[in-house]
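Subject: Structure handover

Hello,

Here is the structure for your work.

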Amino acid sequence: MVKTRELIEKAKKYFPGGVNSPVRSFRAVGMKPIFVKSGKGSKICTNDGKKYIDYCMSWGTLMFGHSDNEILKAVRKQLALGTSYGFTNIFETELAEKICNAIPSMEMIRFVNSGTEATTSAVRLAFRYTGRSKILKFTGCYHGASELFFDRKNYFEIPYNDLSSASSVIKKHYKEIACVIVEPIAGNMGVILPEKDFLAGLRVICDKYKIILIFDEVINGFRITFGSAQSFFRVKPDLTCLGKIIGGGFPVGAFGGKKEIMKKIAPSGNVYQAGTFSGNPITMVAGITTIKKLQITTEGSPCGTDYKLINDRTKCLCNSIKNEAKKNNVDIVINQIGSMFSLFFTKERVINYASAKRQDVKKFKRFYSLIFKQGILFSPSSFESNFISFAHTDKDIEKTVSEVSHIFGRL
Ligand SMILES: Cc1ncc(COP(=O)(O)O)c(C=O)c1O
């Protein structure tokens, strides 16, 4: 059996911190990285022979769990025909049609290879379209690892759910602000729901000052319902960014929106954006299969799935965890919507980054290491979301609740 310690030491020789993405280091929970060997359904297995019920699901990517048979079958068929052409293929149009039908605000779309590429390209497009060069963003929302979102000279930042700050900053700086970018349901400071009128209020202010409203639905897209968060909250952005789910487990990103804005992208316009792997046939085929499977049964799709099933299962898990917390006098707040949820060890409502930061992180770490030992893999940070897939079973939920119950008794 391979020793994880040895794998970590070797990886450290080649990768900064031993990983290719920081959160995989497990530093936020005071632990060491895991090395995943395989995944099937709701479970993953590590190189040191351990098995976990996975609630991270590749950070919200895998709606049908690991190694879904239908996605694998479609991908296998395409693999035999070529893996990357660098030219246009029919699957790009098919997936675009499915996405644009599901999310009508996306009149035109461009596929890219990651969520970061999608948000970065959408913001660049907003800069060029408006002739302004600043972003208004919200503390605790994450839009990818790009200097656009890290260098303070590029943005104004205000608390999530704070419509009055948005209004006053925009009133003062609207001549500089090209776009407001927001996660309609925040997923990168734990799950945080938009307060009533927050998103609709942003729409009104953006219209008033001719600012482009960008919904970063990289996590939200196709997550809680087929039309994504914007259909759930009935607010139409100008541009939408997608990633994760639409690639069916392969690297992907997309941005799209109003035709009038999207036409500025090269070659129809002069905002240059390009990618060797964009619209890659393997990703497109996996994405098409995923979206087909997600199309709700009421729309008559032959293999359609009902979101209610996983949304109810998630609610059931969260309610059971809340009951166990109550029985054991553990202060906990669970934010849940659809099949995404987060546990915060706190008494107060978590509505923005400041309130998320007031959770008891030490308690989370203790909880995390104990539940991990019992074969339950939540996302390894108290500022991340957890996800349930269609592959999670009632048995998974029961096992999780039972382990949570034992651990709450010892916290
Ligand atoms: C809301 C949001 N936007 C953008 C990104 C960046 O996506 P990627 O990691 O595919 O570059 C993420 C990643 O988790 C995300 O959660």
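**Ligand shell**

The ligand is surrounded by 16 residues, and the closest of them are Ser114, Gly115, Thr116, Gly144 and Val218. Please keep in mind that this is a predicted model. By class, the shell around the ligand consists of 4 nonpolar, 10 polar and 2 charged residues. Which helix gives the most to this shell? That is helix H5, residues 115–130, with 3 residues.

**Domains**

The domain assignment divides the chain into domain 1, covering 69–299, and domain 2, covering 306–411. Between the C-alpha centres of domain 1 and domain 2 there are 28 Å.

**A helix pair**

Two packed helices are described by the angle between their axes and the distance between the axes. For helix H14 (residues 361–373) and helix H15 (residues 394–410), the angle is about 135° and the axes are 10 Å apart. How are H14 and H15 placed relative to each other? Roughly antiparallel would take an angle over 145 degrees, and roughly perpendicular covers 65 to 115; H14 and H15 are therefore oblique to each other. The crossing of H14 and H15 is right-handed. On the H14 side, the contact is made by Phe367, Leu370 and Ile371, and on the H15 side by Glu403, Val404 and Ile407. In class terms, this contact of H14 with H15 holds 5 nonpolar residues, no polar residues and 1 charged residue.

**Backbone points to check**

Most residues other than glycine have a negative phi, and most peptide bonds are trans. Two places in the model are listed here against that background.

- The peptide bond from Ala266 to Pro267 is cis, and its omega is near 10°. Pro267 is located in the loop between helix H10 (259–262) and helix H11 (281–294).
- Met57 is not a glycine, yet its phi is positive, at about 50°. Met57 belongs to helix H2, which covers residues 57–60.

That is the end of the notes.

Regards

Conventions
Residues numbered from 1 in each chain as written. Predicted model: local features only at pLDDT ≥ 70, side-chain atom pairs only at ≥ 80, totals over all residues. Axes fitted to C-alpha atoms, helices over the stretch in contact; angles between N-to-C directions. Helix = DSSP H or I, 4+ residues; strand = E, 2+ residues; numbered from the N terminus. Parallel < 35°, antiparallel > 145°, perpendicular 65-115°, else oblique. Left-handed = near helix turned anticlockwise from the far one by under 90°. Contact = placed C-beta atoms within 7 Å. Nonpolar A, V, L, I, M, F, W, Y, C, P; charged D, E, K, R; others polar. Near = placed C-beta within 6 Å. Domains from an automatic or database assignment.
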